[in-house]
Amino acid sequence: MHLRVCKKAPAGDGTGPDLATRWTVYNSHTAGERQYRATTYSRLGQYPDALSLEQAVLEIRRKPEVLGPEHPHTLAAMNNLAMTYSKLGQYQDALPLEQEI
């Protein structure tokens, strides 16, 4: 995965991404990397480790300035989190996510 480095342009010249854009790119990549790691933990059966990462991924991706609640990646993060809750026997936590998807 290639990360795009955004440099701050001088204020007002309009040639570079603003702070909100740079923060959104950063958060989107951060969520993606955390999701990859969570998937690895799940495949290893380390569900508690996967759970904390998947919770963070969903929190980031739900933000309107990142992806928003209806984006396919956000819905996938909800599904991943619900599956991990189920694997841990926490069905009461999985159900609301599954119903929202």
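Is Gln35 buried or exposed, and what is its relative accessible area? In this predicted model, local features require a pLDDT of at least 70 and side-chain atom pairs count only at pLDDT 80 or more, whereas totals for chains, interfaces and linings use all residues. Residues are numbered from 1 along each chain as its sequence is written, and side-chain values use heavy atoms, with hydrogens and water left out.

Gln35 is buried, with a relative accessible area of 8%; buried means under 20% relative accessible area, calculated with a 1.4 Å probe on protein chains only. Gln35 lies in helix α1 (residues 19–43), helices being DSSP runs of H or I with at least four residues, numbered from the N terminus. Apart from neighbours within four places in sequence, Gln35 contacts Glu54, Val57, Arg61 and Asn80, where contact means heavy atoms within 4.5 Å.

Helices α2 (residues 47–62) and α3 (residues 72–87) pack with their axes 9 Å apart, at an angle of about 155 degrees. Axes are lines fitted to C-alpha atoms over the stretch in contact, and angles run from 0 to 180 degrees between N-to-C directions. The two helices, α2 and α3, are therefore roughly antiparallel, a term applied to angles over 145 degrees. Residues making this contact include Glu54 and Val57 of α2 and Asn80 and Leu81 of α3.

The largest nonpolar core has 13 residues, of which Leu58, Leu81, Tyr85 and Leu97 touch the most other members. Such a core is a set of buried Ala, Val, Leu, Ile, Met, Phe, Trp, Tyr and Cys residues joined through side-chain atoms within 4.5 Å. Helix α3 gives the most to this core, with five residues.

How values were computed:
Parallel < 35°, antiparallel > 145°, perpendicular 65-115°, else oblique. Buried < 20%, exposed > 50% of the residue type's maximum accessible area, 1.4 Å probe, protein only.
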